[in-house]
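Colleague: I am new to this structure and would like to go through it with you in questions and answers. Could you take them slowly?

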Amino acid sequence: MDALRKYAWPGNVRELRTAVEHGVVLCRGDKIGIRDLPPVVRNGPQPMSEESVRPKVQGDLNLKEAEKELIVHTLKATAGNRTLAAKSWA
């Protein structure tokens with residue numbers, strides 16, 4: 001699979017394991033195909049805009065709740081890639 005070879009794997013083994021698990025869950029046949037891999041592996045990491053990473057937090061949240069909401073949003077925006085999520089806040 002070319003996509004697996006070309007991807008940089010910034011999350012190393014954990015990210016590879018997550019991608020394979022993703023493929024196993026979505027696989028419709030006997031073999032994991034390119035369509036079964038996470039979008040970030042299929043298409044490569046995409047540049048993120050400031051708005052997509054840092055959403056507007058609404059409501060009366062305390063600091064802990066706001067932080068949790070931002071972390072969850074960032075992980076969703078990076079398809080669960082913790083390394084890429086962390087880099088977006090650096």
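Colleague: How much space lies in the largest pocket?

Modeller: Please keep in mind that this is a predicted model, and that the value is computed from its atoms. The lining of the largest pocket is made up of 17 residues, and among these Glu15, Thr18, Gly80, Asn81 and Arg82 lie nearest its centre. The space in the largest pocket comes to about 290 Å³.

Colleague: Which element gives the largest share of the lining of the largest pocket?

Modeller: The elements that contribute two or more residues to this lining are α2 (12-26), α3 (39-43) and α6 (82-88). By class, the lining consists of 6 nonpolar, 7 polar and 4 charged residues. The largest share, 7 residues, is given by α2.

Colleague: What is the secondary structure of the chain, in helices and strands?

Modeller: Read along the sequence, the pattern that the chain follows is α-α-α-α-α-α. The secondary structure therefore holds helices that are runs of at least four residues, and the count comes to 6 helices and 0 strands.

Colleague: Is Val24 buried or exposed?

Modeller: Val24 has its place in helix α2, and together with Leu16 and Val20 it forms a nonpolar patch on the surface, with about 240 Å² of accessible area for the three together. The cut-off for this class is over 50% relative accessible area. Because Val24 has 54% relative accessibility, it counts as exposed.

Colleague: Which residue forms a salt bridge with Asp36?

Modeller: By the rule used here, the count comes to 1 salt bridge, and in the one formed by Asp36 the closest N and O atoms are 3.8 Å apart. Asp36 is buried, because its relative accessible area is 3%, where buried means under 20%. Its partner is exposed, with a relative accessible area of 53%, and that partner is Arg35.

Colleague: By what distance are the C-alpha atoms of Glu21 and Pro38 separated?

Modeller: Glu21 lies in helix α2 and is partly exposed, with a relative accessible area of 45%. Along the chain, Glu21 and Pro38 are 17 residues apart.

Colleague: What percentage of the residues of the chain count as buried?

Modeller: A residue is placed in this class when its relative accessible area is under 20%, and Asp36, at 3%, is one of those that are buried. Of the 90 residues of the chain, the share that counts as buried is 24%.

How values were computed: Residues are numbered from 1 along each chain as its sequence is written. This is a predicted model: local features need pLDDT of at least 70, side-chain atom pairs count only at pLDDT 80 or more; totals for chains, interfaces and linings use all residues. Side-chain values use heavy atoms; hydrogens and water are left out. On a 1 Å grid over the protein atoms alone, a cavity is a set of points where a 1.4 Å probe fits but cannot get out, and a pocket is an open set with protein on both sides within 12 Å along at least five of seven lines; lining residues have an atom within 4 Å of a point. Grid points are joined across faces, edges and corners, and a volume is the space filled by probe spheres set on the points. Ala, Val, Leu, Ile, Met, Phe, Trp, Tyr, Cys and Pro count as nonpolar, Asp, Glu, Lys and Arg as charged, and the others, Gly among them, as polar. Patches are made of residues with over 30% relative accessible area and no salt bridge: like charges are joined within 9 Å, nonpolar side chains (Val, Leu, Ile, Met, Phe, Trp, Tyr) within 5 Å. Accessible areas come from the Shrake-Rupley method with a 1.4 Å probe; for residues, only the protein chains shown count as cover. A salt bridge is a side-chain nitrogen of Lys or Arg within 4 Å of a carboxyl oxygen of Asp or Glu. Buried means under 20% relative accessible area, exposed over 50%, partly exposed in between (1.4 Å probe, protein chains only).
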